[in-house]
Amino acid sequence: MNLLESVRLAVEALLANKLRSALTMLGIVIGVGAVIALVSFGQGVEQYITRQFQSLGANLLFVFSSTPPGGGPGDVKALTMADASALANPLLAPSVLRVSPQYDVFAVVAAGRNNSAMNVSGVTPVYQDVRGWYPQYGRFIEETDILTSARVAILGASTAADLFGPGIDPVGQTIRINTLPFRVVGLMEQRPSSGFADENDVVFVPISTAQTRLTRAPMRDGSYRVAFITVQAVSEGRMDTAADEISRILVERHGIQYRDQEDFTVLSQNDLLSVVGEITGLLTIFLAVIAGVSLLVGGIGIMNIMLVTVTERTREIGLRKAVGARYGDILLQFLIESVVLTVTGGLIGIGLGFLAATIGSALIPDLTLTVTVGAILLATTVSTVIGLFFGIYPASRAAALNPIDALRYE
């Protein structure tokens with residue numbers, strides 16, 4: 001009996017008990033569908049985060065305060081405006097193009113009866129060039145605003161809509177930040193938002209205003225601390241050189257003697273993407289393992305049903321052996337039945353995964369869930385292996401039956 005004939009007989013045997021075959025495949029269907037959906041979700045989240053980081057700007061490095069290994073909070077020297085000025089010195093850091101210090105304050109922003117609790121970002125004029133994000137109406141922060149700690153604000157599109165209503169130009173209006181009046185001088189271009197975060201929900205003020213009027217953040221030497229510093233390198237090829245220059249300048253300014261005493265961290269966009277990629281990769285694997293448990297349960301169910309099938313068809317097996325069927329013929333037939341069950345369940349599961357990814361993409365427009373060829377091949381291979389693994393014992397048990405005992409079986 002050739003392979004095609006074995007497949008035909010296997011399909012006929014399974015169709016003879018449609019409901020039982022369908023219930024047997026259910027575990028495989030759910031397992032494969034869950035693996036496909038979860039893997040596509042993990043990849044979609046990773047792609048979304050990658051796009052978000054790329055939208056921050058080009059050739060960026062981020063400088064944060066950090067605790068040295070083995071040190072405590074008292075060992076950290078905060079980043080200051082003076083640090084930012086040193087990094088912006090072309091004689092000290094020729095690979096650095098722009099430097100943008102930032103200081104955020106959590107505050108209540110209100111206009112009329114509308115108010116919202118949010119982060120108010122204190123920035124400098126260079127911020128718009130570093131981020132490649134400019135006002136749609138009005139202007140951005142200027143040097144005179146920094147020098148005078150002016151009470152001026154630039155709103156993101158979502159913040160303006162929340163405070164003044166959709167479609168209303170807020171330039172020239174007055175808002176209150178922690179009860180202090182601020183004049184709105186600009187409205188930023190709208191950026192793509194998502195269900196996870198809305199970049200347009202933001203208020204910019206001069207960094208000196210945030211440091212002196214909204215809170216007090218002076219250091220003992222009279223300088224002002226900043227939350228972090230964004231540095232733009234002159235080109236992608238000089239990112240590493242710029243990072244070295246930043247480290248050298250801060251090591252000297254903070255009086256650091258050894259590398260393991262560094263109280264700052266310099267990260268590039270690729271570093272951040274690598275960290276995010278590792279996190280989302282582990283999350284995807286974790287979710288896929290959970291879904292894999294369903295495949296294991298489905299495989300055990302298939303082995304159980306195949307054992308029942310062998311018992312029910314004992315006389316058929318004896319009859320076939322009596323007319324010349326060999327050990328390998330019986331083994332192959334039951335193995336094929338097991339594989340047909342799992343592969344059919346796997347194909348249905350792939351369709352279910354496609355459906356889940358399509359629904360997910362529709363519900364979260366900025367999250368593109370795609371089912372890759374690799375995921376399909378993986379699901380098909382896994383379901384085939386499950387069919388072979390859990391079908392081998394029932395098939396070998398059927399093939400080992402003595403034909404005389406099998407014919408006598410009632």
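How do the residues of the lining of the largest pocket divide into nonpolar, polar and charged?

## The model

This is a predicted model, where local features need pLDDT of at least 70, side-chain atom pairs count only at pLDDT 80 or more, and totals for chains, interfaces and linings use all residues. Residues are numbered from 1 along each chain as its sequence is written, and side-chain values use heavy atoms, without hydrogens and water.

## The largest pocket

The lining of the largest pocket has 16 nonpolar, seven polar and five charged residues. Here Ala, Val, Leu, Ile, Met, Phe, Trp, Tyr, Cys and Pro count as nonpolar, Asp, Glu, Lys and Arg as charged, and the others, Gly among them, as polar. A pocket is an open set of points on a 1 Å grid over the protein atoms alone, where a 1.4 Å probe fits, with protein on both sides within 12 Å along at least five of seven lines; lining residues have an atom within 4 Å of a point.

In total, 28 residues line the largest pocket. Leu 56, Gln 102, Tyr 127, Arg 131 and Glu 199 lie nearest its centre. Helix H2 gives the most to this lining: five residues. Helices are DSSP runs (H or I, at least four residues), as are strands (E, at least two), numbered from the N terminus.

## An exposed glycine

Gly 112 sits in the loop between strand S2 (96–111) and strand S3 (114–123). Gly 112 counts as exposed because its relative accessibility is 59%, and exposed means over 50% relative accessible area (1.4 Å probe, protein chains only). The C-alpha atoms of Gly 112 and Ile 290 are separated by 51 Å.

Conventions. Buried < 20%, exposed > 50% of the residue type's maximum accessible area, 1.4 Å probe, protein only.
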